[in-house]
Amino acid sequence: MQPDWVPDGLDIDRPSVARIYDYLLGGSHNFAADRALARQAIEAIPDLPVQAATNRAFMHRAVRFLVDAGVTQFLDLGSGIPTLGNVHEIAQAADPQARVAYVDIDDVAVIHSQHLLADNPNAIAVRGDLRRPAEILADAEVSGLLDLSRPVAVLAIAVLHAISDDDDPAGIIAALRDALRPGSYLAMAHGVNTRVEDADLVVDLSKRTTTPMTLRTPEQVQRLFDGFDLVDPGLVWAPLWRPESPHEVPDRPERSGNLAGVGRKP
Ligand SMILES: C[S@@+](CC[C@H](N)C(=O)[O-])C[C@H]1O[C@@H](n2cnc3c(N)ncnc32)[C@H](O)[C@@H]1O
């Protein structure tokens, strides 16, 4: 029997990045096909669970930084299946009025988020496709929650590498940037292809999921921040972005596989 959080009509035999990521983080919202592909990927690239955990830890630090910088509105694109330490928990712990709109293309991620947020008046989850930024901003629930005349932090954590070059990630970010007022932020973690063999393998395996990956060069990731001023320390391996304790800095930060940064729209 399927658990009650499984949406009608979901193809559970087609692995999904959201559910594989949930598995890598130790979550329980995944199916046999997700776990099989995740295990195959981990066997080839044992660093994958570390990569998921360091992305998540970067997201936590970035949200704390943004709350300290005075941001009270968050648009989390490719937000994933909720697990411990979600954006609204961190932001609302500091400011109970902080508003968070979660957007994901994966039904399990959206339904589970909606369930979790049922009693939270300042956070919502909607199904949306990052490749259509105008639709996300015009969505009735998103525009009802976020006031675009005030700064918004857009979070794109480990999601832009799910967008192909043909879908123009730079154009997507530019459209969001132009719609946001000065003082808004972009926080991003993005998988890079510096370890070529690993990169080829991940990209190959990801073709079996609903959202295949495109890893990029550090220069390409840097260019996604065009029009934003990167805050210190700039674009760095995820664990090196403002670590809050020396224990957070591993010997080989490049094992995180993702570059991370936070930029402010001037
Ligand atoms: C690796 S997970 C990252 C989750 C979360 N941002 C985090 O860092 O913990 C990537 C998420 O992006 C979502 N995603 C992939 N392509 C997307 C798209 N075109 N639009 C919206 N979400 C997308 C996937 O469903 C998945 O939940």
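**Exercise 1. In this predicted model, find the largest nonpolar core: how many residues does it have, and which of them have the most contacts inside it?**

Step 1: Count the members. The largest nonpolar core has 75 residues.

Step 2: See which element gives the largest share. That's α3, with seven residues.

Step 3: Zoom in on Ile-157. Skip its neighbours within four places in sequence, and Ile-157 is in contact with Asn-55, Met-59, Ala-187, Met-188 and Ala-189.

**Exercise 2. Why can we call α1 largely enclosed by the rest of the structure?**

Step 1: Go through the helix residue by residue. Val-17, Ala-18, Arg-19, Ile-20, Tyr-21, Asp-22, Tyr-23 and Leu-24 are the buried residues of α1.

Step 2: Draw the conclusion. Eight of the eight residues are buried, so α1 is largely enclosed by the rest of the structure.

Step 3: Name the packing partners. The buried residues of α1 pack against α2 (32–44), α3, β2 and α5 (107–116).

Step 4: Peek just past the helix. There, Gly-26 takes a positive phi of about 85°.

**Exercise 3. Which residues come nearest to the ligand, and which classes make up the shell around it?**

Step 1: Find the nearest ones. There are 23 residues around the ligand, and Ala-18, Gly-78, Gly-80, Asp-106 and Leu-130 come nearest.

Step 2: Sort the shell by class. You'll find 13 nonpolar, five polar and five charged residues.

Step 3: Trace the shell back to its elements. α1 (17–24), α3 (48–68) and β2 (99–104) each supply at least two residues.

**Exercise 4. How many helices and strands does the protein chain have, and why can we say it is as compact as a globular protein of its length?**

Step 1: Count the elements. The chain has 10 helices and eight strands.

Step 2: Compare with the rule. The radius of gyration is 17 Å, close to the 18 Å that the globule rule gives for 266 residues, so the chain is as compact as a globular protein of that length.

Step 3: Of the 266 residues, 45% count as buried.

Methods
Residues are numbered from 1 along each chain as its sequence is written. This is a predicted model: local features need pLDDT of at least 70, side-chain atom pairs count only at pLDDT 80 or more; totals for chains, interfaces and linings use all residues. A residue is near a molecule or strand if its C-beta atom, placed from the backbone, lies within 6 Å of it. Helices (H or I, at least four residues) and strands (E, at least two) are DSSP runs, numbered from the N terminus. Ala, Val, Leu, Ile, Met, Phe, Trp, Tyr, Cys and Pro count as nonpolar, Asp, Glu, Lys and Arg as charged, and the others, Gly among them, as polar. A nonpolar core is a set of buried Ala, Val, Leu, Ile, Met, Phe, Trp, Tyr and Cys residues joined through C-beta atoms within 7 Å. A residue is buried if 20 or more other C-beta atoms lie within 10 Å of its own, exposed if 12 or fewer, and partly exposed in between; C-beta atoms are placed from the backbone. Two residues are in contact if their C-beta atoms, placed from the backbone, lie within 7 Å. The radius of gyration is taken over C-alpha atoms; the globule rule is 2.2 Å times the number of residues to the power 0.38.
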